[in-house]
Amino acid sequence: MDRGFKVRVDTRLRLGWCLALLGAAAVRPLPAEEATERFAERLDVRVVNVDVYVTDRKGRPVPGLGIDDFAVFQDGRAVEVTNFSRFTGSPRADEPALVIRELDRGLGDEPPAPVAEPLTVVIFIDNSTLTPHHRNRVLGDLETFLAEQAGAGVRFMIAVYNPGLEILTPVTADLERAREVLGEVARMPASGLTAAGERRRAMETIQDVYELWEEAGPGAASDRRELVFSFDPCTDGWEQMIAAIDTYSQAVGARVGNVQAGLVALTRSLGGLPGRKALLYLSDGLERRPGIDLYAFLGEICPRREHEMIGYMFRWDETRLLQELTEYANAHRVTLYALETTGLTSASAVSVEFADKRFTPSARNDTLRVANLQESLALLADETGGRAFLNANFPGPELRRLAEDFHDYYSLGFAPPTGWDGKSHSIRVELAGGAAKGASLRYRQRYRAVPDDERLAERTLATLVLGWEDNPLGTTIVLGEPRPGAGASRQVPVEIVVPPGRLGTLADRPGANQLLRVLMMAEDARGRRTPMRERIIPLRGADPDESGAGPRTLVVNVDLEPGVHVIAVALRDEINRVASFHRVTVDVRE
């Protein structure tokens, strides 16, 4: 329950903020030099960034293009490209800046080289679709890939879906921890064999029903009229066989929906991270149209009814669900990549699974099944500007191709003509003037013009869920002594200390000329989250010439139930538009 703030403005400001299930603990402030080096984005100077990957007919990056070689359209209308950067080549660990040249309409042709945006690579291992053998086959190459990218200044995190989203590492560059986690993943169970068993049982049911009616043969004579009843498996057993496929398709659709929900939750959290985000999805594939190959399989068994199968084959379709995921990814500037871990598969005709060749899927049916699994991966990649790596027995070369996107691309920026209206808008990028003929472009197809306040809330969520912290304001959070709260809860004073000289001041607003926005969101050990709480706090700016001017302190009194809690705290200077984010944990004793 939100009981709001109790505020009185003073040198020491006290806020009574009573939220169930909140907790806090002391955190170490960043050293000044570290805080300066960390990426801190000014929230009032914003453009829409579109990362464009330009490749030739052989898939190699096309270098040397300039700002005038691109044309950008929002909702079909041309917009002016105001910011342009070209990135090329993998950097050394001691050279994090990737930009070799930047052009800016407002700065001239040779401005100072900017610092590249940070890149976060998320490895999402979908144990609900993977088999242990396929998954573990690629983990060695994945570890090599992470080692190479860690040396190039890339941050990464690892998450699994078991089912249920579980983040195994926060955003980090700690390669040793990543290796430990991949070792843990190799020992985890995976449900891919269970899913394959469900499909196999559906095919066995079809065979059993068919053979049951086939064995019935001609019926016995009836009364004295000597009428003979004949049984046709494709007529008398039709509904039973269709029902078996429907049951399978429903289960597959539910599984796809659960995976999509996990990916959406992670993608929304990633939206709060600054810079570029790439999510690599490891899977044996998702059925875009659940059961489509089984309906076709039934049509092969009952060829005279094959024409009826078209309606059944499109009865289940998860395309819209997958597109919804790509919309979230595009809205939060997350590029999706997909690595199919299955590799090349053998034909059903040579499999020992199928003893009766009448019930062996044809080569055409095998192709349909593989395409159905791969189409979903391709859709996720295509609509977000990523890539899908399919049929790769040895994924090492494919992962190196993926790394090309991290370090060889063009970044285009434009001011949205509709402002930050919170709506989704389409993007189209073209090569102008015949530049790089025959080249292919990949980029996110849409973006969402997220307002500043909503973006601040997203970053607070990212701090809570992903453990991402940043502290350009140099603030410190310290716990006070707990005291009895309402009922069984405990009240913990949380001090937020802002060092002097960090907050902007409005000289024409005497008495309350500093503004600090405070956001909090928390989660307990059972995964229950509070709603986002937000307040703007007016502060009196200290006179720089006043002796004894020191840090500003806010005290937040938090009611806690017994147990372990995590709380995310965001503080934004509303004048300078700079924000700090903290994530703290506490175990509240009864």
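Is arginine 289 buried or exposed, and what is its relative accessible area? Arginine 289 is buried, with a relative accessible area of 17%; buried means under 20%, exposed over 50% and partly exposed in between, for a 1.4 Å probe and protein chains only.

The model is predicted: local features need pLDDT of at least 70 and side-chain atom pairs count only at pLDDT 80 or more, while totals for chains, interfaces and linings use all residues. Residues are numbered from 1 along each chain as its sequence is written, and side-chain values use heavy atoms, with hydrogens and water left out.

**Stop 1: arginine 289 and its partner**

A salt bridge here is a side-chain nitrogen of Lys or Arg within 4 Å of a carboxyl oxygen of Asp or Glu. Arginine 289 sits in the loop between E13 and H7, and glutamate 375 in helix H10, 86 residues apart. Helices (H or I, at least four residues) and strands (E, at least two) are DSSP runs numbered from the N terminus. Glutamate 375 counts as partly exposed, at 31% relative accessibility.

**Stop 2: arginine 369 and glutamate 287**

Next, select arginine 369 and glutamate 287, whose side chains form a salt bridge (3.6 Å, N to O). Arginine 369 belongs to helix H10 (residues 363-382) and glutamate 287 to the loop between strand E13 (276-283) and helix H7 (292-301), so the pair ties together parts 82 residues apart in sequence. Glutamate 287 is buried at 5% relative accessibility, whereas arginine 369 is partly exposed at 22%.

**Stop 3: the nonpolar cores**

Now turn to the largest nonpolar core, which has 63 residues. Such a core is a set of buried Ala, Val, Leu, Ile, Met, Phe, Trp, Tyr and Cys residues joined through side-chain atoms within 4.5 Å. Leu266, Leu270, Leu279, Tyr281 and Leu298 have the most contacts inside this core. Colour helix H6 (residues 238-270), which gives the most to the core, with twelve residues.

Centre the view on leucine 266. Leaving aside neighbours within four places in sequence, its contacts (heavy atoms within 4.5 Å) include Val122, Phe124, Met157 and Leu466. A second, separate core of 34 residues includes Leu119, Ala178, Val185 and Leu399.

**Stop 4: further salt bridges**

Select arginine 428 and glutamate 430, which form a salt bridge with the closest N and O atoms 2.9 Å apart. The whole structure contains 36 salt bridges.
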